[in-house]
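Here is a short briefing for a reader meeting this structure for the first time. Look over the sequence and the fold before reading on.

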Amino acid sequence: MKCTNCGQENRPNVRFCKKCGTDLTLPPPWFPGWRWHLKALSWIYLSVIAGFFVISYLLHQLKPPYNQRQIPAEMTPWLNPHKVPAP
Ligand SMILES: [Zn+2]
């Protein structure tokens, strides 16, 4: 990269110019502050909460039996350790 002070060509990824010693590490043009983080986190939380209600509403719109939230125990006998299904 080229030095902005003296024009000396330097190897890439060097921190200082080898001729005049100018700092070649440029600061990032934008760094998010706490306000940006607060805003981003608020949007993420709001999206998650809104998504929960939207998905919950959509699941309740399904026709039975797809809308039921609990599987009856007789449909899953292998989950009950005390009840051995008949062979
Ligand atoms: Zn220089």
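This is a predicted model: local features need pLDDT of at least 70, side-chain atom pairs count only at pLDDT 80 or more; totals for chains, interfaces and linings use all residues.

The chain holds 1 helix and 0 strands. Of its 87 residues, 1% count as buried.

**Overall shape**

- The C-alpha trace spans about 85 × 35 × 20 Å along its principal axes.
- The radius of gyration of the chain is 31 Å, whereas a compact globule of 87 residues would have one near 12 Å.
- Among contacts between residues at least 6 apart in sequence, 0% join residues at least 24 apart.

**Helix α1**

- Helix α1 runs over residues 34-60.
- From its first C-alpha to its last, α1 reaches 39 Å. That is close to the 39 Å expected for its 27 residues at 1.5 Å a residue.
- How many of the 27 residues of α1 are buried? The count is 0, and the helix is hardly covered.

**R35, inside the helix**

- R35 has its place in α1.
- Is R35 buried or exposed? R35 is exposed, because 8 other C-beta atoms lie within 10 Å, and a residue with 12 or fewer counts as exposed.
- A50 is 15 residues from R35 along the chain. Their C-alpha atoms are separated by 22 Å.

**N13, before the helix**

- N13 sits in the segment before α1.
- Its phi is positive, at about 70 degrees, although N13 is not a glycine.
- Most residues other than glycine have a negative phi.
- N13 counts as exposed, because it has 8 C-beta neighbours inside 10 Å.

**I71, after the helix**

- I71 belongs to the segment after α1.
- Why does I71 count as exposed? The reason is its 10 C-beta neighbours inside 10 Å, since the cut-off for an exposed residue is 12 or fewer.
- How far apart in space are I71 and G33? They are 48 Å apart, C-alpha to C-alpha, and 38 residues apart in sequence.

**To take away**

- The chain has a radius of gyration of 31 Å, and 1% of its residues count as buried.
- R35 is exposed, N13 counts as exposed, and I71 counts as exposed.

Terms used
Residues are numbered from 1 along each chain as its sequence is written. Helices (H or I, at least four residues) and strands (E, at least two) are DSSP runs, numbered from the N terminus. A residue is buried if 20 or more other C-beta atoms lie within 10 Å of its own, exposed if 12 or fewer, and partly exposed in between; C-beta atoms are placed from the backbone. The expected span of a helix is 1.5 Å times one less than its number of residues. The radius of gyration is taken over C-alpha atoms; the globule rule is 2.2 Å times the number of residues to the power 0.38. Two residues are in contact if their C-beta atoms, placed from the backbone, lie within 7 Å.
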